[in-house]
Amino acid sequence: MVEERGPLALEIDSVSHAFGARKALDNVSCAIAPSRHCVLLGLNGAGKTTLFSLITRLYDNTSGWIRVFGQDVRRQPQQALRQLGVVFQQRTLDLDLSVMQNLIYHGALHGISPARTKRRAEEELERLGLTERASDKVRKLSGGQMRRVEIARALLHRPRLLLLDEPTVGLDIDSRQSIVDHVQRLCRDEGLAVLWATHLIDEVLPQSQVIILHRGRVLADGSRDQVVAGVGANDIRETFLRLTRDDAKDGDKVA
Amino acid sequence: MSEAVTIQDPRPLGPVAYLLCLRGIMWREALRFLHQRERFVAALVRPLVWLFVFAAGFRAVLGVSIIPPYETYVLYEVYITPGLVAMVQLFNGMQSSLSMVYDREMGSMRTLLVSPFPRGFLLISKLLAGVAVSLLQVYVFLAVTWFWDVQPPLIGYFAVLPALILSGMMLGALGMLLSSGIKQLENFAGIMNFVIFPMFFASSALYPLWRMNEASPLLYNICVLNPFTYAVELIRFSLHGQINWLALAVVAGCTAVFLGAAILAYNPSKGLIARRGGPGG
């Protein structure tokens, strides 16, 4: 519920979701405070993407509720979605358009004029060291650069909660690190709340809140140290392996 | 966490924001269209082949008697031009639906759907963007046919505009509805076989319906039930500065039905996406 200090960045309460007989999410509840860096840790198929689809209202949750800064995603989708910046797992840039054209299009989808979008985009691109690529076609960018453009795009309308669904998949180590660092800075310096879904344990930062999702259920939720202590493990890797051990045997790999 | 977080509710999106959004969606569609020159050439060559080759051959075989809106015997080329115009729009509508499937696979449909604007508005904007592209194709085609002795009255070129917008909306909405049910890109071939060709052939695009009735009453009835027939007739009459009220009513009604169904199909709680199964991960 809404706290005195103001609403949480994200509240998920008793959300279940099924596709036919397959239960993708089973009574999931969790919350993220403003300016918190939260890592949603889960193997492939744990339900991370389904949860993201519900938060971004690609489809509705049929049970429970989801609130973004106090706004119910189903009842007040407009207000909720305006506070959200999203980086999807799939690449979602238009390859044949330039970086700036992609950003201007995104601005329009949030009702921002091209001129204003351009100013905002220049700020964001500069921070990411991509200023000189603004008029290049996206097709010419590297995977890491595309990802950074997608992060810039997600921030154009100044959201307060940034969702990233496995943002470093397929990137080399350097690009991965630069994205992890950039998002960490956003969180620390600008008070952005971050929900970072991944199966890569080394993306958990010392200050991160960690939510472990497994087969559609939340197995652990708390600060990194709390979660580790709760299981009595030595580190987060061991914690995660212990909690998801059944699946590890099935051939899924944890990096 | 302890410092006070200022919560200001974002101001509601006003009419200017809606217009900016619509403009942005149309602008992107136009940019994409400009980058696909082959698509434009194909859209133009297809009806021109019908006009130059098919119509020339059929002119001798098929006599068209005087039927409204024509006041005199007309060349077969004149008769099929409105049908070919509708065909341009039919292809364009289905191709926009292809682009929706493509968009969804590439994920940019998701970018569109997380926009805070109402989903119906987003889909209609997308539809209008597709119609704008089809208008460009149609007018270039009509300009070429003018040199081929298909010369409707000047007023027709203006009168046909609202008809084209409406018929383009109907066909685009149909494509959008189909796109919500298609999962894969390759299924466009299926759309060609099961939607585009039957709709085109079982209509008044190539032959007047009374001729069809002589050949087969069953086929005639199918043509009468085919909404594409009414799109063709709406365009045919308006190109001659007249209004076919029945066609107008049917096209407007079908547009409303297809559009409503498409918006429902993309609705987050009732829609097909919700039911069909989610993404992996």
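I will talk about one helix pair that joins chains A and B, and then about the cavities in this predicted model.

Before that, a word on conventions: residues are numbered from 1 along each chain as its sequence is written, while chains are lettered from A in the order in which they are written. Since the model is predicted, local features need pLDDT of at least 70 and side-chain atom pairs count only at pLDDT 80 or more, with totals for chains, interfaces and linings using all residues, and side-chain values use heavy atoms, leaving out hydrogens and water.

Let me start with the helices, which are DSSP runs of H or I with at least four residues, numbered from the N terminus. On the side of H3(A), the contact (heavy atoms within 4.5 Å) is made by A:Gln101, A:Ile104, A:Tyr105, A:Ala108 and A:Leu109, and on the side of H1(B) the residues include B:Gly24, B:Trp27 and B:Arg28. By class, this contact has nine nonpolar, two polar and one charged residues, with Ala, Val, Leu, Ile, Met, Phe, Trp, Tyr, Cys and Pro counted as nonpolar, Asp, Glu, Lys and Arg as charged, and the others, Gly among them, as polar.

Now to the cavities, each a set of points on a 1 Å grid over the protein atoms alone where a 1.4 Å probe fits but cannot get out, with lining residues having an atom within 4 Å of a point.

Which residues lie nearest the centre of the largest cavity? Of its 15 lining residues, they are B:Gly93, B:Ser96, B:Leu127, B:Gly130 and B:Gly172. H3(B) gives the most to this lining, with six residues, and the lining as a whole divides into four nonpolar, nine polar and two charged.

The second largest cavity holds about 90 Å³ of space, and its lining includes A:His106, A:His110 and A:His157 along with B:Thr111 and B:Val114. Its lining residues divide into six nonpolar, five polar and one charged.

Key. Axes are lines fitted to C-alpha atoms, for helices over the stretch in contact, and angles run from 0 to 180 degrees between N-to-C directions. Helices (H or I, at least four residues) and strands (E, at least two) are DSSP runs, numbered from the N terminus. On a 1 Å grid over the protein atoms alone, a cavity is a set of points where a 1.4 Å probe fits but cannot get out, and a pocket is an open set with protein on both sides within 12 Å along at least five of seven lines; lining residues have an atom within 4 Å of a point. Grid points are joined across faces, edges and corners, and a volume is the space filled by probe spheres set on the points.
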